[in-house]
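Have a look at the model first.

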Amino acid sequence: MDYRFKRTFLIVMDSVGIGEAPDAERFNDKGAHTLGHIAEKMDGLHMPAMESLGLGLIGDIKGIKPVTTPKAHYTKLQEASNGKDTMTGHWEIMGLRIDEPFQTFPDGFPEELITQLEEAWGRGIIGNKAASGTEILDELGEEHVKTGKLIVYTSADSVLQIAAHEDIVPLEELYDICEKAREMTREGKYMLGRIIARPFKGQAGDFKRTSNRHDYALKPFGRTVMNELQDAGLDSIALGKISDIFDGEGVTEAIRTVSNMDGMDKLIQSMDNEFTGLNFLNLVDFDALYGHRRDPIGYGKALEEFDARLPEVLSKLRDDDLLIITADHGNDPVHHGTDHTREYVPLIVFHKNIKAGKELHVSPTFADIGATVADIYGVKTPKHGVSFLQQI
């Protein structure tokens with residue numbers, strides 16, 4: 001079958017919001033603007049590739065000019081779901097809407113759950129609080145090595161993270177521990193979005209997390225566009241943590257990555273392959289390394305590094321390829337706390353036959369992306385979202 005776009009490449013810049021959403025105040029996020037505030041702290045962002053695609057036309061971002069003739073179509077999207085976390089954003093992109101937000105435990109997990117986990121694991125627990133993944137290793141890593149007790153912590157997300165030294169708790173045991181925790185928090189009052197294995201190595205004062213992280217997410221509560229592609233015999237390729245976010249649902253091939261730049265490497269390598277359908281990449285460093293740690297300069301440099309790789313992607317696109325660049329929520333690094341922020345996300349849509357890019361309608365849901373992908377490949381359109389295929 002001939003499709004207008006044989007291959008669709010979808011890049012999610014994790015947490016790269018572009019200004020407060022209309023309901024930001026309800027989420028305690030009034031005034032948030034991830035890209036805008038980073039640009040101010042950087043005294044201007046240098047992102048010539050994204051600038052040429054029209055990023056400066058979506059919002060006021062210091063250093064990024066609103067070009068007269070953008071190479072891509074552009075707009076911003078508003079989140080419809082009741083949440084601002086990674087799973088909620090990604091699931092909505094693929095056509096779902098979450099009305100009941102995932103449970104969060106900003107003050108640590110209840111003693112009842114901790115006791116149940118200790119009994120199931122056969123190991124004690126230390127930590128049990130919201131914390132940065134690197135700081136908690138500095139604080140509790142040595143105690144963990146001496147006692148064998150597991151470091152359990154959370155964040156502003158609906159997540160239970162388990163850190164363990166690979167020489168103290170073998171990976172197989174850590175993964176089994178996570179699977180047990182997943183079963184215990186799959187539903188009910190302790191239902192969590194993700195359980196994350198956080199293995200590390202090193203010595204006291206120099207502990208470093210390894211690339212053997214593994215996420216155990218809930219399965220999406222409904223079918224996504226990825227399921228429809230898979231069932232139609234089309235490709236639904238997951239790069240980075242996409243497979244974890246969807247718990248493997250609708251994934252025909254999963255490719256792990258260890259960083260933003262590794263993700264870009266894997267994406268560019270995959271552009272040499274023949275496939276028909278979706279190639280879906282998440283770039284997590286923006287969120288994990290810089291947004292939550294409130295590091296606007298590090299975040300800005302990571303954005304510029306991403307932009308420097310985009311010409312490689314654009315040069316490898318074929319005439320029947322489509323490139324979509326977006327985000328899943330905000331994480332303003334100058335905002336209070338360490339939480340995600342409720343923001344619009346940018347949408348850049350590029351293919352080689354665009355003579356002059358134009359502004360697309362501002363949508364009230366991220367699901368327009370999934371609806372468009374479904375429209376391209378003639379599979380069942382999700383309940384939420386409206387395709388913009390005819391506009392591009």
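The lining of the largest cavity splits into two nonpolar, three polar and three charged residues (nonpolar being Ala, Val, Leu, Ile, Met, Phe, Trp, Tyr, Cys and Pro; charged Asp, Glu, Lys and Arg; polar the others, Gly among them). Bear in mind that this is a predicted model, where local features need pLDDT of at least 70, side-chain atom pairs count only at pLDDT 80 or more, and totals for chains, interfaces and linings use all residues. Residues are numbered from 1 along each chain as its sequence is written, and side-chain values use heavy atoms, with hydrogens and water left out.

**The cavity**
- The residues lining the largest cavity are D85, T86, M87, F102, D157, S158, G193 and R194.
- On a 1 Å grid over the protein atoms alone, a cavity is a set of points where a 1.4 Å probe fits but cannot get out, and lining residues have an atom within 4 Å of a point.
- Its volume is about 40 Å³, taken as the space filled by probe spheres set on the points, which are joined across faces, edges and corners.

**The annotated site**
- UniProt, in an unreviewed entry, puts a "binding site" at D14, D328 and H329; such annotations may be inferred rather than shown by experiment.
- Those positions are spread over 316 residues of sequence, yet they cluster in space, with a largest C-alpha distance of 7.2 Å.

**D328 and H329**
- D328 counts as buried because its relative accessibility is 0% (buried means under 20% relative accessible area, with a 1.4 Å probe and protein chains only).
- H329 is also buried, at 0%.
- Leaving aside neighbours within four places in sequence, D328 has contacts including D14, E79 and H90 (heavy atoms within 4.5 Å).

How values were computed:
Buried < 20%, exposed > 50% of the residue type's maximum accessible area, 1.4 Å probe, protein only. 1 Å grid on protein atoms, 1.4 Å probe; cavity = no way out; pocket = protein on both sides within 12 Å on 5 of 7 lines; lining within 4 Å.
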